[in-house]
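These are my notebook entries on the structure shown below. I record what I looked up, entry by entry.

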Amino acid sequence: MNHWLSPEEWTAVRLSLIVATTAMIASLPLGLVVALLLARGRFWGKSLLDAIVHMPLILPPVVTGYLLLIGFGRRGPIGQFFYDWFGIVLSFRWTGAALACAVMGFPLMVRAIRLSIEAVDRRLEDAAGTLGANPLWVFLVVTLPLCLPGIIAGMILCFAKAMGEFGATITFVSNIPGETQTLPSAIYTFTQVPGGDAGAMRLTLISIAISVTALFLSELMARMVGRRIAVE
Amino acid sequence: MSPVLDIAVRHRLGDFLLDAALTSEGRLTALFGASGSGKTSLVNVVSGLIRPEAGHVRIEGETLVDTERGIFLPKHRRRIGYVFQEARLFPHLTVRQNLLFGHWFVPRAVRKPAELDKVLELLGIGHLLQRRPGALSGGEKQRVAIGRALLAEPRLLLMDEPLAALDEARKAEILPYIERLRDETRIPIVYVSHALAEVARLATTVAIVEDGRIAACGPTADILSRPDLAARPGAPEASSLLTGEVVGFDEAFGLARLQTRAGPVLVARSALQAGQKLKLRILASDVMLSLEPPADISALNVLPGRISEIGERTGTGGSIVHLRLVCGEALVAARLTARSVEALGLAPGKAVHAVIKSVSVETA
């Protein structure tokens with residue numbers, strides 16, 4: 001690998017994987033809660049929540065990135081809070097890249113999980129209730145396992161989105177090699193310099209390989225889970 | 001002692017008003033009525049899936065719901081085994097995990113060791129343990145669902161048309177298991193059905209549900225033979241229920257002689273064994289009445305009795321009359337034309353002979 005890729009390119013690949021994985025795992029708990037609220041909740045402001053969750057999907061990524069910069073930058077209200085209380089700096093760091101990717105991937109994850117929760121047969125939950133399971137147990141042993149394929153799909157979608165995120169990331173945390181230069185940023189940089197075509201092509205191939213692998217893995221997992229919960 | 005069931009509830013569901021009250025002492029109480037009469041809503045109130053606007057639900061003296069006292073026990077704390085029409089097994093669990101699902105949630109204080117072996121034997125599902133619900137037949141699914149409800153150590157078993165989704169062969173496969181459940185376990189059962197044959201065979205007590213109300217409630221043999229109920233529009237035909245014991249055979253003609261509380265009855269022998277107990281059901285329209293003991297008649301069964309009740313004239317033009325007689329210690333329902341009633345001068349107290357063809361006697 002190292003003979004084929006330059007150290008800088010290798011760094012970009014590794015960073016992308018770390019950023020995408022972090023974005024995927026970090027947004028899962030909140031994604032589950034929001035999906036559950038949207039699928040099952042009945043409360044004032046539900047459409048508002050729905051709209052906010054979907055915002056990154058419809059806004060230009062640069063706009064999302066700029067909003068993140070305003071909110072989560074060192075001088076931004078939320079960014080300052082994070083720094084004062086947890087010592088976390090987001091702007092121009094890889095953590096910021098992960099945040100940008102998580103925000104961009106979030107609507108896709110919530111959508112997939114929400115649909116799978118809505119598809120769960122409520123009558124099975126009623127049955128579990130009459131068998132003595134309280135609502136929390138019903139969720140853990142019936143609802144959650146039954147929407148596992150949707151959760152996996154949501155995670156993979158979020159991961160894939162994070163691997164490809166460019167606009168919001170570059171706006172929020174710039175394009176610093178070794179810190180915030182993810183695969184797409186690196187490819188972009190190669191295309192901006194004379195003779196960078198070979199490098200861009202190498203990274204493009206790697207990008208394709210990673211995406212295809214992720215898709216393949218999700219199919220495999222969904223099939224394994226699907227076989228276990230074959231519909232009656 | 002408190003009754004097994006004591007229910008009085010009022011609940012509005014859209015345009016439908018459920019306003020039902022009944023008490024039952026029966027081991028198996030059938031809620032009988034047409035589709036949409038409110039049977040399922042009523043059991044959903046008992047199970048806690050519906051929270052009634054007003055009323056109470058008590059099971060063997062224990063209050064599950066009492067709106068006046070502000071009591072509403074949530075469904076997971078009622079310990080009521082609910083067998084649904086469509087099994088509702090958990091598709092992601094094996095049969096074994098499905099069966100033990102409820103046992104897991106029984107409060108530690110009352111939990112007994114799971115009687116898995118006993119339930120497997122009772123329902124004949126031991127060979128299915130490692131399978132998943134997707135690989136079971138309809139009848140097997142329903143038996144697993146019954147087992148799952150039983151292993152949750154319920155204080156009451158609710159069965160909502162558990163056979164409705166099955167074909168005749170599968171029904172015949174499950175009915176004996178439900179009879180064993182009724183006779184061998186201590187758990188009272190509430191059985192919802194719109195099939196009279198099932199009710200006649202299984203129920204000790206019947207409640208007739210009509211438009212969200214309980215039209216009548218009482219012992220099965222009494223309710224099914226009542227002339228006033230049979231006269232209602234859309235009601236199923238009245239019938240007599242007898243319990244018979246095989247006391248002898250007429251080998252030459254392949255008949256079995258049964259002793260019943262109404263007198264001796266001859267039926268086709270089929271596979272009956274001496275000493276076997278079975279239920280007989282005779283439709284009211286299959287009963288003829290005669291003032292004198294009939295001679296030279298093909299019907300083999302003649303039961304002497306006395307008329308106890310004569311219903312109103314019903315049917316188009318008022319041509320039909322339902323009657324009830326007491327033969328021995330049993331109730332026998334008959335359905336005659338108004339003209340025959342008049343011609344014979346039938347009146348309560350009059351001695352008659354009920355004539356029943358052996359081939360008209362249904363056995364189960």
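**Entry 1. Conventions and the domains of chain B**

I take domain bounds from an automatic or database domain assignment. The structure is a predicted model, in which local features need pLDDT of at least 70, side-chain atom pairs count only at pLDDT 80 or more, and totals for chains, interfaces and linings use all residues. Residues are numbered from 1 along each chain as its sequence is written, and chains are lettered from A and ligands numbered from 1 in the order in which they are written.

I found chain B divided into domain 1 (5-225) and domain 2 (239-358). I read 34 Å between the C-alpha centres of domain 1 and domain 2 of chain B. For contacts I used the rule that the C-beta atoms of two residues, placed from the backbone, lie within 7 Å. Seven residues from domain 1 of chain B and eight residues from domain 2 of chain B take part in the contact. On the side of domain 1 of chain B that touches domain 2 of chain B, α6 (196-202) and α7 (220-225) of chain B are the elements that give two or more residues. Here α7(B) gives the most, with five residues. Helices are DSSP runs of H or I with at least four residues, strands are runs of E with at least two, and both are numbered from the N terminus.

I then sorted that side of domain 1 of chain B by class: three residues are nonpolar, two polar and two charged. In this scheme Ala, Val, Leu, Ile, Met, Phe, Trp, Tyr, Cys and Pro count as nonpolar, Asp, Glu, Lys and Arg as charged, and the others, Gly among them, as polar.

**Entry 2. Where chain B meets chain A**

I looked up the contact between the chains, which takes 22 residues from chain B and 18 residues from chain A. On the side of chain B that touches chain A, β7 (80-83) and α2 (95-104) of chain B each supply at least two residues. I noted twelve nonpolar, five polar and five charged residues on that side of chain B.

**Entry 3. The largest nonpolar core**

I define such a core as a set of buried Ala, Val, Leu, Ile, Met, Phe, Trp, Tyr and Cys residues joined through C-beta atoms within 7 Å. A residue is buried if 20 or more other C-beta atoms, placed from the backbone, lie within 10 Å of its own, exposed if 12 or fewer, and partly exposed in between.

The largest nonpolar core has 158 residues, and those with the most contacts inside it include Ala100(A), Cys101(A) and Val332(B). Helix α5 (residues 94-119) of chain A gives the most to this core, with 15 residues. Domain 1 (5-225) and domain 2 (239-358) of chain B both give residues to this core, so it lies between them. I also listed the contacts of Val332(B) beyond four places in sequence; among them are Ser240(B), Ala262(B), Leu303(B) and Ala354(B).

**Entry 4. Chain A and its helices**

I counted eleven helices and zero strands in chain A. The C-alpha trace of chain A spans about 70 × 40 × 30 Å along its principal axes. Of its 232 residues, 38% count as buried.

Helix α1 (residues 7-40) of chain A has 34 residues and reaches 49 Å from its first C-alpha to its last, close to the 50 Å expected at 1.5 Å a residue. The expected span is 1.5 Å times one less than the number of residues. I located a kink of about 45 degrees in α1(A) at Leu28(A), shortly before the proline Pro29(A). A bend is the angle between axes fitted to the seven residues ending at a residue and the seven starting there. The buried residues of α1(A) include Glu9(A), Leu15(A), Val19(A) and Val34(A).

**Entry 5. Positive phi in chain B**

Most residues other than glycine have a negative phi. I noted Glu60(B), whose phi is near 45 degrees, in the loop between β4 (54-59) and β5 (62-66) of chain B. Glu60(B) counts as partly exposed because it has 13 C-beta neighbours inside 10 Å.

I noted also Ala87(B), with phi near 50 degrees, in the loop between β7 and α2 of chain B. Ala87(B) has 23 C-beta neighbours inside 10 Å and therefore counts as buried.
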